[in-house]
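Student: Can we go through this structure together? I'd like to see how the labels follow from the values.
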Amino acid sequence: MFVMLAFACKNDPKTTANSTPSTNLTETPMPQKVVYICPMDCEQGKTYDQPGQCPVCKMDLEPATSEQLRHAVTEIATAAETSSLPTTDPNKTLEEEVNALHDEVMKESSEMERVGRQIKEEFKTVQGEEKRKAYIKAIAEISRAGFDMMAWMRDYHAPTDLPPAEANRYLREQKASMIKIQAAVKKALEDGKKLPK
């Protein structure tokens, strides 16, 4: 019996010299890397490997909590998704450009019409065939530019009922037309002001 007990103790894995002691991972956690973050979150989720100061508010960076890290990951992912989306609707931008051009040309057209009325008054007393021809040409130029502007305003409509590709093409055409009309209005205005008295 003594021999049997001695033999059993010799082969007991708890006392064997070559046996490896069991380890419990929960008892010896792996060290985690410390990351730092601004306590005010000035940079929307940006973290740092070293302590220091926030470049925005100059406060000392603090070790980030697990909640702050989860929040930082969410903010960074949201920012990446947002940056990949188009910031503006190209058709909306085009429409705004057309409307802005229209507003500019309307102001120039008002000045052109004022000069046109003045020229018509002066024409009544203009002497000499060459001068009269120059006045007639200027009046016709102003009338044509004014007519083109009025025709554009009559025919233009916001392309809300068109598919995006067609709306884009339509707006580009209208912008080109408005640029052409603006050039004609400016030329008629300049030529009218240069008429010999």
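Student: Why is methionine 106 called partly exposed?

Tutor: Methionine 106 has a relative accessible area of 31%. Buried means under 20%, exposed means over 50%, and partly exposed is in between (1.4 Å probe, protein chains only), so methionine 106 counts as partly exposed. Keep in mind that this is a predicted model, where local features need pLDDT of at least 70, side-chain atom pairs count only at pLDDT 80 or more, and totals for chains, interfaces and linings use all residues. Residues are numbered from 1 along each chain as its sequence is written, and side-chain values use heavy atoms, leaving out hydrogens and water.

Student: Where is methionine 106 found?

Tutor: In helix H3, residues 90-123. Helices are DSSP runs (H or I, at least four residues), as are strands (E, at least two), numbered from the N terminus.

Student: And what makes serine 109 buried?

Tutor: Serine 109 is in helix H3 too, but its relative accessible area is 9%. That is under 20%, so the word is buried. Not counting residues up to four places away in sequence, serine 109 touches Met149 and Val185; contact means heavy atoms within 4.5 Å.

Student: How do you know that strand E1 pairs with E2?

Tutor: Two strands pair if DSSP finds at least two bridges between them. Two bridges join E1 (residues 36-37) to E2, so they pair, and they run antiparallel. Tyrosine 36 has tyrosine 48 in E2 as its bridge partner.

Student: In what order do the strands form the open sheet?

Tutor: E2-E1-E3, with antiparallel pairing. E2 (47-48) and E3 (62-63) are the edge strands, each pairing on one side only.
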